[in-house]
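Please look over the sequence and the structure first.

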Amino acid sequence: MADIMPPDMLADVPPTPAGLLSNREKDRLIERGFLGLYRWYTARSQETRNWNADLSFDWRGMRKDTPDEIMTVLTGFFAVEQYAPDFTSNLVHLVRRSHGRSHFQMRWGSEEEKHADAWENAVLFSRQRSPEWIEEYKERLKAQTWELPFPDAIHNMVYTVFQERATQLNYLNMMKIAQGKSEKPHLKDYADPVLAKVAQTIAVDEAAHYNFFLEGVRMYLYYYPERTLKAIKAVISDFAMPAGHLIPDWEKFYETVYRVGIYGPRDFSRDVVQVAFRNLGIESRKALETGLRKTREVPDFEGKNFRTSIIWDTFDYGAIEGDIRRLHIKIQDYEKTVGFDQIDPTEFVENPEVPRKTEPATED
Ligand SMILES: [Fe+2]
Ligand SMILES: [Fe+2]
């Protein structure tokens, strides 16, 4: 894959008006934020989520009569997570110039790798698929390569926010079924505590991934609102779960997760898009589309300030600024425990483009 330079790393043309941050400064601030967040994330990951795919679960205690539908679901989860090396290598390469992001992607990959092994163990210990079947299935999966869904860093990061949330939701709903809490009558009597623990453990990782990427998208939204909102719109207008097109029996998997009440289009709009939107200060898909349409209608040259004010009206910039401040406080607290604060602290810098109370946004 080509070494794609993220657009945010391009030099400033034309020169930045006085009092505003140049793109180079914005990129530096985002990079520092990512680096601090990545260091905080790694410490937390090791402290609270340091589980092992083989040793953390009572695999021998797994049920040997897992229903067919649940087997289809587990096999699908296993298949998607099998692409962890492709996901990781492609993403690391894409962001290789960013310390915080590329090192994070390796850490992330090491967590996704555990997910692949844990789901494989679940399929194996169910005793419903032979080791030979699993080996052959893996060979079929590995014969294909997962490629990035978008060519640039910002779109892929936005995509990952929605993907991690969707994945977390899939696993949480699997956990509920395995806890005996299915709302479907034919699964009411089914429960498997081992599987419930596996699904829960992995879902906690997915929540941590979602949060990391969410913080990243918030930083982009704060310093580069128009570009980020456009990326969000593009990503959700054509969203599909990763590797679906590579997995041989994807249709069956997709129908099954829907039928057993794990995941479907309604879950995507209600529990993925709406949740992520709330976390990004975006009121609705309609508000996003209207805001972006309005910015297109305004001329780019003389009306630049007006155009900018429309963009800030498209989302709750005050809430996002508060989130970014809190993120920096979290990073600074972490840096104090190490001593970085004495030498090279991560600092929050306000984006001067953000409308202030003394200088209200232009009404449309
Ligand atoms: Fe995962
Ligand atoms: Fe993940």
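How many helices and how many strands does the chain have? The chain has 14 helices and zero strands, where helices (H or I, at least four residues) and strands (E, at least two) are DSSP runs numbered from the N terminus. This is a predicted model, in which local features need pLDDT of at least 70, side-chain atom pairs count only at pLDDT 80 or more, and totals for chains, interfaces and linings use all residues. Residues are numbered from 1 along each chain as its sequence is written, while chains are lettered from A and ligands numbered from 1 in the order in which they are written.

**Overall fold**

- In sequence order the pattern is α-α-α-α-α-α-α-α-α-α-α-α-α-α.
- The C-alpha trace spans about 70 × 45 × 40 Å along the principal axes of the chain.
- Of the 364 residues, 38% are buried (20 or more other C-beta atoms within 10 Å of the residue's own, with C-beta atoms placed from the backbone).
- Among contacts with a separation of 6 or more, 79% join residues 24 or more positions apart; a contact requires C-beta atoms, placed from the backbone, within 7 Å.

**Helices α2 and α9**

- Helix α2 (residues 68-81) packs against helix α9 (residues 250-259) at an angle of about 120°, with the axes 9 Å apart. Axes are lines fitted to C-alpha atoms, for helices over the stretch in contact, and angles run from 0 to 180 degrees between N-to-C directions.
- The two helices α2 and α9 are therefore oblique (angles under 35 degrees are roughly parallel, over 145 roughly antiparallel, 65 to 115 roughly perpendicular, and the rest oblique).
- From α2, E69, T72, V73 and G76 touch K252, F253, T256, V257 and R259 of α9.
- This contact of α2 with α9 comprises three nonpolar, three polar and three charged residues. Ala, Val, Leu, Ile, Met, Phe, Trp, Tyr, Cys and Pro count as nonpolar, Asp, Glu, Lys and Arg as charged, and the others, Gly among them, as polar.

**Helices α8 and α11**

- Helix α8 (residues 225-237) and helix α11 (residues 285-297) have axes 10 Å apart and pack at about 130°.
- The pair α8 and α11 is therefore oblique.
- E226, L229, K230, I232, K233 and I236 of α8 meet R285, L288, E289, G291, L292 and T295 of α11.
- By class, five nonpolar, two polar and five charged residues form the contact of α8 with α11.

Notes
Contact = placed C-beta atoms within 7 Å. Buried ≥ 20, exposed ≤ 12 C-beta atoms within 10 Å, placed from the backbone.
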